[in-house]
Amino acid sequence: MNPHDAFMRAALDQARQGFSAAEVPVGAVVVLDGDIVGRGFNQPIGSRDPTAHAEIVAMRAAALAIGNYRLVGTTLYVTIEPCLMCVGAMVHARVGTLVFGATEPKAGAVVSSCRAHEMPSLNHHIEVVGGVLEEDCRAVIQEFFRTRRIG
């Protein structure tokens, strides 16, 4: 068993909450010292906030929980490869490691459309692990869009 699996399963639980809320089902958790300190799922529609991606929601919750906007030493788990906005927020928050499930060929800014976290001008760099529970992560989002096309 991959040591990241348990936390990615927690992110998948968040994605399923997003699915239930009729949001694109992406889920995220922020982990510090082996504990989840922030959770989030996509909610830009319900919150009327274009920045309310799962990663941002989870990082906001983590920052409140630890009392600091810097998330040094944290690992962010997210079911789908983050977009450019979310990568930028992770850099500013000083997230240590990003672990994602499935790639996002159109808007993913880690390995798909660009490698935003590797820009030489950045003053912080994030370690990246991809493909954790990839099939499970992909299945949730595919199911969501399949039901939207049918319904």
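## Structural report on a predicted model

A22 is placed in the loop between α1 and β1; helices (H or I, at least four residues) and strands (E, at least two) are DSSP runs, numbered from the N terminus. Although A22 is not a glycine, its phi is positive, at about 65 degrees. A22 has a relative accessibility of 42% and counts as partly exposed; buried means under 20% relative accessible area, exposed over 50%, and partly exposed in between (1.4 Å probe, protein chains only).

The model is predicted: local features need pLDDT of at least 70, side-chain atom pairs count only at pLDDT 80 or more, and totals for chains, interfaces and linings use all residues. Residues are numbered from 1 along each chain as its sequence is written, and side-chain values use heavy atoms, with hydrogens and water left out.

A positive phi also occurs at R48, a residue other than glycine, with a value near 55 degrees. R48 belongs to the loop between α2 (44-47) and α3. With a relative accessibility of 74%, R48 is classed as exposed.

### Packing of α1 against α5

Two packed helices are described by the angle between their axes and the distance between the axes. For α1 and α5, the angle is about 5 degrees and the axes are 10 Å apart. The arrangement makes α1 roughly parallel to α5. Axes are lines fitted to C-alpha atoms, for helices over the stretch in contact, and angles run from 0 to 180 degrees between N-to-C directions. Angles under 35 degrees count as roughly parallel, over 145 as roughly antiparallel, 65 to 115 as roughly perpendicular and the rest as oblique.

On the α1 side, the contact is made by M8, R9, L12, A15, R16 and F19, which meet D136, C137, V140, E143, F144 and T147 of α5; contact means heavy atoms within 4.5 Å. The residues of this contact of α1 with α5 divide into 7 nonpolar, 1 polar and 4 charged. In this division, Ala, Val, Leu, Ile, Met, Phe, Trp, Tyr, Cys and Pro count as nonpolar, Asp, Glu, Lys and Arg as charged, and the others, Gly among them, as polar.

### Salt bridges

A salt bridge is a side-chain nitrogen of Lys or Arg within 4 Å of a carboxyl oxygen of Asp or Glu. The count by this rule is 7 salt bridges.

| Pair | N to O distance |
|---|---|
| D136 and R9 | 3.9 Å |
| R115 and E118 | 2.9 Å |
| R138 and E134 | 2.9 Å |

The side chains of D136 and R9 are joined by a salt bridge. D136 lies in helix α5 (residues 134-150) and R9 in helix α1 (residues 5-20), so this pair ties together parts that are 127 residues apart in sequence. Both partners are partly exposed: the relative accessible area is 35% for D136 and 38% for R9.

R115 and E118 are likewise partly exposed, with 42% for R115 and 41% for E118. In helix α5, R138 and E134 are 4 residues apart, a separation of about one helical turn. E134 is partly exposed at 27% relative accessibility. A network of salt bridges links E134, E135 and R138.

In soluble globular proteins, nonpolar side chains tend to be buried together. The largest nonpolar core of this model has 44 residues, and those with the most contacts inside it are M8, M59, L76, Y77, M90 and L98. Two or more residues come from each of α1, β1 (27-32), α3 (54-66), β3 (75-80), α4 (84-93), β4 (97-102) and α5. A nonpolar core is a set of buried Ala, Val, Leu, Ile, Met, Phe, Trp, Tyr and Cys residues joined through side-chain atoms within 4.5 Å.

Not counting residues up to four places away in sequence, M90 touches M59, L76, P82, V95, L98, H124 and I126. V95 itself lies in the loop between α4 and β4 and is buried, with a relative accessible area of 0%. With the same exclusion of residues up to four places away, V95 touches M59, L71, T74, L76, M90, H124 and I126. V95 and V72 are 23 residues apart in sequence, yet 5.6 Å apart in space, C-alpha to C-alpha.

T75 lies in strand β3 and counts as buried at 16% relative accessibility. Beyond residues up to four places away in sequence, T75 touches V29, V30, V31, T97 and V99.
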